[in-house]
Amino acid sequence: MEKIDRLAVTSMRMLSVEAIQKAKSGHPGLAIGSAPMAYTLWKNMRHDPKHPEWLGRDRFVLSAGHASMLLYSLMHLFGYPVSIDDIKEFRQLGAKTAGHPEYGNIPGIEATTGPLGQGFAMAVGMAMAERHMAARFNREGYNVIDNRTYTLMGDGCMMEGVASEAASLAGTLGLGRLIALYDSNRITIEGSTDLAFTEDVKKRFEAYGWQVLEVASGEDMDAVAGAIEEAKADEAHPSLIIVHTNIAEGTAKQGSASSHGSPLGEENIAAYKASLNWEYPEFTVPEEVVEHMAKLGEGFSKLYDGYQELMNGYKTAYPELYEELTAWENGEIRFDVNDPALWEFDDAAKLATRKCSEIMLTRLTERMPNLIGGSADLGPSNLTYMKAFGDFSKADYSGRNFRFGIREFAMGAIANGMALYGGLRPYCATFLVFVDYLKPALRLSALMGLNVLYIMTHDSIGVGEDGPTHQPIEQLDMLRATPNTYVYRPADGRETAACYIASLDKKAPAVMALSRQNLPQLPGTGSEAMKGGYILKDCEGMPLVILMASGSEVELALKAAENMARDRIRVRVVSMPCMELFDEQPEEYRMSVLPPECRNRVACEALGGMSWYKYIGLDGRLVSMKGFGASAPGGKLFEHFGITAEAIESAARSIIE
Ligand SMILES: Cc1ncc(C[n+]2csc(CCOP(=O)(O)OP(=O)(O)O)c2C)c(N)n1
Ligand SMILES: [Mg+2]
């Protein structure tokens, strides 16, 4: 590397310490220590800051998201839309330069990575998406999909379990285009990693099937560049480059945990600048660095132009594939959602909604070639394996069934990475109770506005014999409490169709909560369910009591209503497959379904049911689980815990009287 590269790195370091000092908060240590490796990587990466969304770009995920000033200073230098004013506004309300780099704030930020380890796992997902898309679209002479995915991680990411899950899968899949740079400064917040982390990372990753390279000093940019080239050369294995660094290199706080998460302090900054003969005013990038970066920019533009040329050739040679690829990228839905064949369910069939989900998934995968996914080893139970399409594996990346293994958290994070990559619509699956194992990933789906489908079966005590460890109670309410998340719990086949179809156009994750046990097809269900809540069975005039339920309990509410109707009690039954959708309806509609005049309301759910209180109010009653479940046949459990039509009826009668 040249002197000018050193000066560029120093400029990044200065921007970082100055911005963090000005904000009076931030994480200078890693931003300083990893600046040379990050700069080296970006210099050699295939990207073009003028076209941050370019399909052929290499992906870069800063998994150690707290080093956000590293990313912002990189982006500023390389010419992404981050100005000096943005940097001065670091961590302030409304600024693009959030404390942790948030997806969508600035073009060029590939993922939201505050929670350690998830960035790494999302990078694995991006690398999987790249291999899949490449297998589907590349043709002889036209490798239109062939980027690499890079991630920069710290000790924290390395310790988090999700990284182990994802790394293990990446090794199994031989993701040769995935390259992780590990800033090994051996410091975290509480001090030395010796306190809690003494494993041999190299051996661990070798055991996963990774190529592991080591760079003795992160200051040695030539060595970093060499290691990146070596990593690229091995196309059969993902590569981990362990880069030994010092946190806050070259400052008075070098090697000290105190540099992790607080500003260096004015005095230390002055001494740091003096030691480097840095005499520029604050927030200055020297003119020669600006010129140098502009020259590098010309090279990036050439990469972009070359790719456009390739794509133009592809467009001529394979117009249909080109059109398909474009449609995927634009997230187009290219089939008729009102096609009766999508909504058809045999009225006489008793089906678990997980089975209805399998039917819908089959119908949709036929119509949506970019719908891909799998389960965390529960395919036969979740009914998510699509027999018409093969497995995604090292031997064949074109398969549409993903085998995540028993790694729920990595599965969610990987699905996020696949969605972020672009073009694909990922689904993942497990039992609803195990949503706890993947919730942090689902939270990022929601925060980033990603259309990831979570197919969660075995959705209540109806699970039966497996017992309370497998019976979700509070999970559904937790999901409903998560912003920008649509939680669907359909009651039968047509409601399942409505839920699937409603989920397609959302910039948000969808959770399908589906029954293990068989359920009847209910008269009156259909596309009304896309409103989230609707009148399934009504009485004449204003109801005296409204019964509400979702999923398997709608059948019970209908039975209770039938009994009461025999006594000429005016009962309405509202099916509520998705509270979020219902809450989005115009007030007039909501009031027509749940008129304020009728305060006699009973809700029933074979889980905790806490979220129903907003609809039943102070006068209402909730028929739901009060504790954990038990191990017994599902039908017995409904009786034992009093989740029955009789219980709904008696709750209703007690309010009326
Ligand atoms: C899941 C998660 N747990 C905890 C934190 C809080 N946290 C932020 S940085 C950090 C330490 C990270 O250490 P390292 O990656 O080595 O960064 P360095 O101290 O070297 O900057 C912790 C615990 C977090 N952001 N995410
Ligand atoms: Mg560290």
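## Ser 445

Ser 445 is buried, at a relative accessible area of 0%. Buried here is under 20% relative accessible area, exposed over 50%, and partly exposed in between, with a 1.4 Å probe and protein chains only. Ser 445 sits in helix H18, residues 435-448. Helices (H or I, at least four residues) and strands (E, at least two) are DSSP runs numbered from the N terminus.

The Ser 445 side chain makes a polar contact with the side chain of Tyr 454, at 2.6 Å. Such a contact is a pair of N or O atoms within 3.5 Å; within protein, one must be able to donate a hydrogen and the other to accept it, and residues adjacent in sequence count only if both atoms are side-chain atoms. Beyond its neighbours within four places in sequence, Ser 445 touches Asn 416, Leu 450, Val 452, Tyr 454 and Pro 509 (contact: heavy atoms within 4.5 Å).

## Basis of the model

This is a predicted model: local features need pLDDT of at least 70, and side-chain atom pairs pLDDT 80 or more, while totals for chains, interfaces and linings use all residues. Residues are numbered from 1 along each chain as its sequence is written, chains are lettered from A and ligands numbered from 1 in the order in which they are written, and side-chain values use heavy atoms, without hydrogens and water.

## Strand E18

Strand E18 spans residues 571-575; 5 of the 5 are buried, so the rest of the structure largely encloses the strand. Val 571, Val 573 and Ser 575 lie on one covered face, Arg 572 and Val 574 on the other.

E16 (residues 534-537) runs antiparallel to E18, with 3 bridges. E17 (residues 545-549) pairs with E18 in the parallel sense over 5 bridges. Pairing takes at least two DSSP bridges. Val 574 is the bridge partner of Ile 535 and stands opposite Met 548.
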